[in-house]
Amino acid sequence: MMKKLTLFLWLLPFLVQAQTYQNGLLLPINPEKVASANEFTVYLPKGGFPAYDTPNGQRIGRIDFAAHEGDVSFIGATPQSEITAAPEYYKQISYSKSVLVYNAQKQGFVRVMGKYWLKARDVQARGFKVDNWQNFLNAKAGKLLGYYANDPGLNLRSAPTIKGKRIKTLKGELMQITPLNVNQGMWAKVRVRKLKRTPCETNLSEKENTEYVLTGWIKILDNDGTPNVWFYPKGC
């Protein structure tokens, strides 16, 4: 019994890492080769993504740019079946570009626009990848102005668990968070700079604008895989 318990505890970090996040993004592998309706738009492949009614179900249309205005829409067999995606179904990730987000994963499919299912293999075949928010936040660390805690704040802890000692509660735009690409489950090891002024409100150098620096762990994702931090996609 003791041997089995020891083995389980040894495997636990790997099992946590392997969990399927129910929220994430559909990111282009090579943005320069992706179709674009206009300069300020959502990344989509040429011809869109085939859409299904359920995982492993019937193909009912595609997610693509609408011909009349360039909106991202579900396009079915008839003009009456076209449904434009609400802003909550895509996320701006840079000055002029956004990506579709998914809010469920099942049997090799992801759900977009709240009801349509895309096959992960179709996504990959069209030059995109199904990625979780943790990977995205790690990849963009240092390339954006920084991350900031969602309201009502995030506890910076000494260890990746709620039992870790609370170092500081992070709130507002003066507590700038940078992931260090070290994760345990939904927790991330981060460096936190306490700023004197927000970066867009000062000409001070990084050193001059820093009151102090802390290092610790935050639960960077909620239990469903959505970020507990936000960022400025457009910069200043």
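A: A salt bridge is a side-chain nitrogen of Lys or Arg within 4 Å of a carboxyl oxygen of Asp or Glu. This is a predicted model, in which local features need pLDDT of at least 70 and side-chain atom pairs count only at pLDDT 80 or more, while totals for chains, interfaces and linings use all residues. Residues are numbered from 1 along each chain as its sequence is written, and side-chain values use heavy atoms, with hydrogens and water left out.

Q: How many salt bridges does a search of the whole structure find?

A: The search finds 4. In one of them, lysine 194 meets glutamate 211 at 3.3 Å, N to O.

Q: Which strands hold that pair?

A: Lysine 194 lies in strand 16 (residues 187-195) and glutamate 211 in strand 17 (residues 210-219), so the pair ties together parts 17 residues apart in sequence. Strands here are DSSP runs (E, at least two residues), numbered from the N terminus.

Q: Is lysine 194 buried or exposed?

A: Lysine 194 is buried, at 16% relative accessible area, whereas glutamate 211 is partly exposed, at 45%. Buried means under 20%, exposed over 50%, and partly exposed in between (1.4 Å probe, protein chains only).

Q: What does aspartate 64 pair with?

A: Aspartate 64 forms a salt bridge with arginine 62, with the closest N and O atoms 2.9 Å apart. Aspartate 64 is buried at 9%; arginine 62 is partly exposed at 30%.

Q: Changing topic, what does isoleucine 218 touch?

A: Leaving aside residues up to four places away in sequence, its contacts (heavy atoms within 4.5 Å) include Leu154, Ile177, Trp187 and Val229.

How values were computed: Helices (H or I, at least four residues) and strands (E, at least two) are DSSP runs, numbered from the N terminus.
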